[in-house]
Amino acid sequence: MDLQISGKTAIVTAASKGLGKACAAALANEGVNVVINGRTAETLEATAEEIRSGAPGVSVTSIVGTVTDAECRAALIEAAGGAPDILVNNAGGPPPGDFRDWNRETWINAIDTNMLSAIEMVRLTVDGMMERGFGRIVCITSSSVRVPIPVIGLSNATRAGLTNFLFGLAPQVSAGGVTINCLLPGPFDTSRLRDSKPITNHLTSNPIAGRVGDPAELGAICAYLCSAQAGYITAQNIQLSGGLYPGSF
Ligand code: NAP
């Protein structure tokens, strides 16, 4: 299926590893020029090279920095020629723990990383998308938006806030050809899952599916949500957890 986005430009934040990288690679494979970001220059450049070699002819630009930094966000927009067609918002997840140990600074950091940075990226891009009559915004959140996971309260809270903000915005931009959707991963095989013990203990496997997700599976859904064909899908939480979600709605 031709997703009809070849030649478009995407920004994918936090894309040097894991789910963000999978989204960037899937978009590049569709002929989308990608601007990717991460805080570690070496990892980011290696990923940029890997995506380039898998998608010759596509431009892959890397911007080193944290999504919480306004200068980094501005550099991402500039690298996309000031006019990205697609924005995939991602960031590292907040640390797990007990809320009794979290102070105001802990909360502000999590809100900044997992909520405000994404909202800022939307603010900087959505009006241009509407003027050009096409835009796709996808945010990687978590299955914890629907089913809170006790040990990652910072994630439960910040992602729910981001989701409700975005889905209030979605109807305001729909007539401009812009869609806004969220991907809610359950356990996927990434370094976050492998390296974080308290999370690993809770979500090391998916007993319903009998396996964890392959990041490429999420990347493919992301690319589809960014397609021309997905123009009538907006303000949706797309659950990607292999049947782990226990509800019907
Ligand atoms: P990952 O494998 O650890 O990759 C995270 C990526 O984000 C890396 O490229 C990292 O590179 C970059 N990054 C982290 N913080 C950043 C920042 N402030 N600014 C720019 N780049 C940043 O993680 P993942 O599993 O792909 O997870 C991605 C998101 O999905 C996270 O928010 C996570 O909580 C969420 N999620 C994951 C799962 C899962 O099972 N994997 C499930 C539910 C939700 P640098 O460290 O070099 O910056």
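**Helix packing, salt bridges and backbone angles**

Modeller: The segment before strand β1 (9-12) contains Gln4. Helices (H or I, at least four residues) and strands (E, at least two) are DSSP runs, numbered from the N terminus. This is a predicted model, in which local features need pLDDT of at least 70 and side-chain atom pairs count only at pLDDT 80 or more, while totals for chains, interfaces and linings use all residues. Residues are numbered from 1 along each chain as its sequence is written, and side-chain values use heavy atoms, with hydrogens and water left out.

Biologist: What makes the phi of Gln4 worth noting?

Modeller: Most residues other than glycine have a negative phi. Gln4 is a residue other than glycine, yet its phi is positive, near 60°. Ala235, in the loop between α8 (215-225) and β7 (236-240), also has a positive phi, near 55°.

Biologist: Is Ala235 called buried, partly exposed or exposed, and how do you know?

Modeller: Buried means under 20% relative accessible area, exposed means over 50%, and partly exposed lies in between (1.4 Å probe, protein chains only). Ala235 has a relative accessible area of 24%, so it is partly exposed.

Biologist: Why is α4 described as roughly parallel to α5?

Modeller: Two packed helices are described by the angle between their axes and the distance between the axes. Axes are lines fitted to C-alpha atoms, for helices over the stretch in contact, and angles run from 0 to 180 degrees between N-to-C directions. Helix α4 (residues 104-132) and helix α5 (residues 153-173) have axes 9 Å apart, at an angle of about 15°. Angles under 35 degrees count as roughly parallel, over 145 as roughly antiparallel, 65 to 115 as roughly perpendicular and the rest as oblique. The pair α4 and α5 is therefore roughly parallel.

Biologist: What is the handedness of the crossing of α4 and α5?

Modeller: The crossing of α4 and α5 is right-handed. A crossing has this name if the near helix is turned clockwise from the far one by less than a right angle, and is left-handed if anticlockwise.

Biologist: Which residues bring α4 and α5 into contact?

Modeller: Contact means heavy atoms within 4.5 Å. On the α4 side the contact residues include Trp107, Ile111, Met115 and Ile119, and on the α5 side they include Leu154, Leu162, Phe165 and Leu169. By class, the contact has 16 nonpolar, six polar and one charged residues. Ala, Val, Leu, Ile, Met, Phe, Trp, Tyr, Cys and Pro count as nonpolar, Asp, Glu, Lys and Arg as charged, and the others, Gly among them, as polar.

Biologist: How far apart are the C-alpha atoms of Phe165 and Ile119?

Modeller: Their C-alpha atoms are separated by 8.3 Å, although the two residues are 46 residues apart along the chain. Phe165 belongs to helix α5 and is partly exposed, at a relative accessible area of 36%.

Biologist: How do you know that α1 and α2 are roughly parallel or antiparallel?

Modeller: The axes of α1 and α2 are 9 Å apart, at an angle of about 25°. These helices are therefore roughly parallel to each other, and their crossing is right-handed. In α1, Lys21, Ala24, Ala25, Ala28 and Asn29 meet Thr47, Glu50, Ile51 and Gly54 of α2. That contact comprises four nonpolar, three polar and two charged residues.

Biologist: What makes the pair Lys21 and Glu50 a salt bridge?

Modeller: A salt bridge is a side-chain nitrogen of Lys or Arg within 4 Å of a carboxyl oxygen of Asp or Glu. For Lys21 and Glu50 the N to O distance is 3.0 Å, and the pair is a salt bridge. Lys21 lies in helix α1 (residues 18-29) and Glu50 in helix α2 (residues 41-54), so that the pair links distant parts of the chain, 29 residues apart. Both are partly exposed, Lys21 at 22% and Glu50 at 46%.

Biologist: Where in the chain do Arg123 and Glu120 stand relative to each other?

Modeller: Arg123 and Glu120 are three residues apart in helix α4, which means about one helical turn. Their closest N and O atoms are 2.9 Å apart, in a salt bridge. Arg123 is exposed at 52%, whereas Glu120 is partly exposed at 24%.

Biologist: How many salt bridges does the structure hold?

Modeller: The structure holds six. Another of them joins Arg52 to Glu45, with closest N and O atoms 3.2 Å apart.
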